Each structure stands twice: as C-alpha cells, then as structure tokens.
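Subject: Handover of a structure

Dear colleague,

Please find below the structure that I am passing on to you. My notes on what was found in it follow.

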Amino acid sequence: MPIVIDLDVELAKRKMSVADLAAAIDITPVNVSVLKNGRAKAVRFSTLDAICRVLECQPGDILRWVPDETDAASDAESEVSA
C-alpha cells in the first residue's frame, strides 16, 4: 500500500501507549492498533484531528505516500516512451 502510517513512530517519540492514545481520543485500542499497524482502509478526519491534537503533530507526521513498484514501473515506461 503506497500510504504508510507512522503512528507507531509518533507514539514512541512521546512514550505513549496505544491504550493511552485510545483513551485520549475516545476510540477503542483495537481501532488505534488497526491504524498503527497499517491495516486501516480509511481514517476519519475527526479521528486524524484528534490524533494530531493529542500528539501535537501534523497529519504529515503520521501519514506519508510511498510509491509502490507498479507506480515506479509505470513512471519508467512513461519516460521511455516520451
């Protein structure tokens, strides 16, 4: 998946557990864990807002885009045919 979730990095920087974050943003620890482990298919902006507020970070500190191999291959083919 080209979207990488770095929630574990932000939690580690603040020495905060999944349970602590879940309690602070009022969602279940299981849902925080799903997000942290990159298994989430979506995240609500209200949840992202709450995470950023509690962790005092920007959305870009938690989410980043990384091209996968098919994106890289498509880009290379486009450059060759141009």
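What percentage of the residues in the protein is buried? In this predicted model, buried residues account for 24% of the 82 residues.

Overall arrangement

The protein contains 6 helices and 2 strands. Read from the N terminus, the order of its elements is β-α-α-α-α-α-β-α. Of the contacts between residues at least 6 apart in sequence, 63% link residues at least 24 apart.

The nonpolar core

The largest nonpolar core comprises 17 residues. Within this core, the residues with the most contacts are Leu-7, Leu-21, Val-32, Ile-51, Leu-55 and Ile-62. Two or more core residues are supplied by each of α1 (7-13), α2 (18-25), α3 (29-36) and α4 (45-55). It is α4 that provides the largest share, with 5 residues.

Leaving aside residues up to four places away in sequence, Leu-7 touches Leu-21, Val-32, Leu-35, Lys-36, Ile-51, Leu-55 and Ile-62.

Helix α4

Which residues of α4 are buried? They are Thr-47, Leu-48, Ala-50, Ile-51, Cys-52 and Leu-55. The buried residues of this helix pack against α1, α2 and α3, and also against α5 (59-62) and β2 (63-65). An α-helix has 3.6 residues a turn, so residues three or four places apart point the same way. After α4 comes Glu-56, which has a positive phi, near 55°.

The pair α2 and α3

How do the axes of α2 and α3 cross, and at what angle? The two axes come within 8 Å and cross at roughly 115°. An angle from 65 to 115 degrees counts as roughly perpendicular, and α2 and α3 are therefore roughly perpendicular to each other. The crossing in which α2 passes α3 is right-handed.

On the α2 side of this contact are Val-18, Leu-21, Ala-22 and Ile-25. They meet Pro-29, Val-32, Ser-33 and Lys-36 in α3. By type, the residues of the contact comprise 6 nonpolar, 1 polar and 1 charged. Leu-21 and Val-32, which take part in this contact, are also among the residues with the most contacts inside the core, and both are touched by Leu-7.

With kind regards

Technical notes:
Residues are numbered from 1 along each chain as its sequence is written. This is a predicted model: local features need pLDDT of at least 70, side-chain atom pairs count only at pLDDT 80 or more; totals for chains, interfaces and linings use all residues. Side-chain values use heavy atoms; hydrogens and water are left out. A nonpolar core is a set of buried Ala, Val, Leu, Ile, Met, Phe, Trp, Tyr and Cys residues joined through side-chain atoms within 4.5 Å. Buried means under 20% relative accessible area, exposed over 50%, partly exposed in between (1.4 Å probe, protein chains only). Helices (H or I, at least four residues) and strands (E, at least two) are DSSP runs, numbered from the N terminus. Contact means heavy atoms within 4.5 Å. Axes are lines fitted to C-alpha atoms, for helices over the stretch in contact, and angles run from 0 to 180 degrees between N-to-C directions. Angles under 35 degrees count as roughly parallel, over 145 as roughly antiparallel, 65 to 115 as roughly perpendicular and the rest as oblique. A crossing is left-handed if the near helix is turned anticlockwise from the far one by less than a right angle, and right-handed if clockwise. Ala, Val, Leu, Ile, Met, Phe, Trp, Tyr, Cys and Pro count as nonpolar, Asp, Glu, Lys and Arg as charged, and the others, Gly among them, as polar.
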